[in-house]
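Reader: I've got a new model open. Can you walk me through it?

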Amino acid sequence: QHTLAVRLNAAFDGRRHWVESAYAQIGPNADAPATRGCGGTIRELAAALPHLVRRSDGQPVSFSTQTLAAVRQQGEEAASIFPELLLVGLDLVFDIDSNGVLQPVFLEANPRPAGLGRSRYLDTSQQGVSTKLWDGLEGQFDRGAVSHAA
């Protein structure tokens, strides 16, 4: 068993945030935090999710496409409290409720998220962060909120 933390990337398109990409941080064992600073590794989220198990008994935990859709929606709602940020990194872990259903527990929001080069699109597993971010930048440019680089 290992620990798991998830980074969702939420990009603002000028109207709302979209969670398009993510990655998993895997701890070196069940007792260490899931961070690279403690010997952990970064993996594609899609590669980690099929291997989720209950900490208490090692039994597999299913992670369906519906669960992923719900996690994305909750991430988008969490990011919405930061309307001025075009990109927000949301860190979360999973808990299991009394019905055996995975529930995301959001830990923090990062206004300058690291690990973007490790991120993969949730729908295609292609390396990348966001296509919606460009819409948000274009909207800010059109409103004069940003200017051309010299």
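Author: We'll take the strands, then the charged contacts, then the pockets.

Reader: What kind of model is this?

Author: This is a predicted model.

Reader: OK, strands. How do E1 and E2 pair?

Author: E1 and E2 run antiparallel, with nine bridges between them. Arg7 sits opposite Tyr23 in E2.

Reader: How many residues lie between E1 and E2 in the hairpin?

Author: Four residues lie between E1 and E2. Gly14 is in that turn and has a positive phi of about 105°.

Reader: And E2, is that strand largely enclosed or open, and why?

Author: E2 is largely enclosed by the rest of the structure, because nine of its 10 residues are buried.

Reader: Which strand does E2 join over three bridges?

Author: That is E3, which runs antiparallel to E2. Ala24 stands opposite Arg43 in E3. E2 also joins E6, through two bridges, again antiparallel. There, Ser21 has Tyr121 as its bridge partner.

Reader: Back to E1. How many bridges join E1 to E4?

Author: Six, and the two strands are antiparallel. E1 covers residues 4–12 and E4 covers residues 87–96. Asn9 faces Gly89 in E4 across that pairing.

Reader: What about E4 and E5?

Author: Eight bridges connect E4 and E5, also antiparallel. Phe94 pairs with Pro104 in E5. E4 and E5 form a hairpin with five residues between them. Gly100 in that turn has a positive phi of about 80°.

Reader: Where do side chains point along a regular strand?

Author: In a regular strand they alternate between the two faces of the sheet.

Reader: Good. Switching to charges. How many salt bridges are there?

Author: The count is five.

Reader: Start with Asp91. What is its salt-bridge partner?

Author: Arg7 is the partner of Asp91, with the closest N and O atoms 2.5 Å apart. Asp91 is in E4 and Arg7 is in E1, so the pair ties together parts 84 residues apart in sequence.

Reader: Is Asp91 buried or exposed? And Arg7, buried or exposed?

Author: Asp91 is buried, at 10% relative accessible area. Arg7 is buried as well, at 6%.

Reader: Next, where does Asp13 lie?

Author: Asp13 lies in the loop between E1 and E2. Its relative accessible area is 3%, so Asp13 counts as buried.

Reader: Is Arg15 buried or exposed?

Author: Arg15 is exposed, with a relative accessible area of 67%.

Reader: Now pockets. How much space lies in the largest pocket?

Author: About 650 Å³. The largest pocket is lined by 22 residues, and His2, Thr3, Leu4, Leu52 and Val53 lie nearest its centre.

Reader: Which elements give two or more residues to that lining?

Author: Those are E3, H1 and E4. E4 gives the largest share, four residues.

Reader: What is the lining of the largest pocket, by class?

Author: There are 12 nonpolar, six polar and four charged residues.

Reader: And the second largest pocket, what is its volume?

Author: About 160 Å³. Its lining has 13 residues, with Leu45, Ala46, Leu49, Leu68 and Leu122 nearest the centre. H1, H2 and E6 each supply at least two residues of that lining.

Note on methods. Residues are numbered from 1 along each chain as its sequence is written. This is a predicted model: local features need pLDDT of at least 70, side-chain atom pairs count only at pLDDT 80 or more; totals for chains, interfaces and linings use all residues. Side-chain values use heavy atoms; hydrogens and water are left out. Two strands pair if DSSP finds at least two bridges between them. Buried means under 20% relative accessible area, exposed over 50%, partly exposed in between (1.4 Å probe, protein chains only). A salt bridge is a side-chain nitrogen of Lys or Arg within 4 Å of a carboxyl oxygen of Asp or Glu. On a 1 Å grid over the protein atoms alone, a cavity is a set of points where a 1.4 Å probe fits but cannot get out, and a pocket is an open set with protein on both sides within 12 Å along at least five of seven lines; lining residues have an atom within 4 Å of a point. Grid points are joined across faces, edges and corners, and a volume is the space filled by probe spheres set on the points. Ala, Val, Leu, Ile, Met, Phe, Trp, Tyr, Cys and Pro count as nonpolar, Asp, Glu, Lys and Arg as charged, and the others, Gly among them, as polar.
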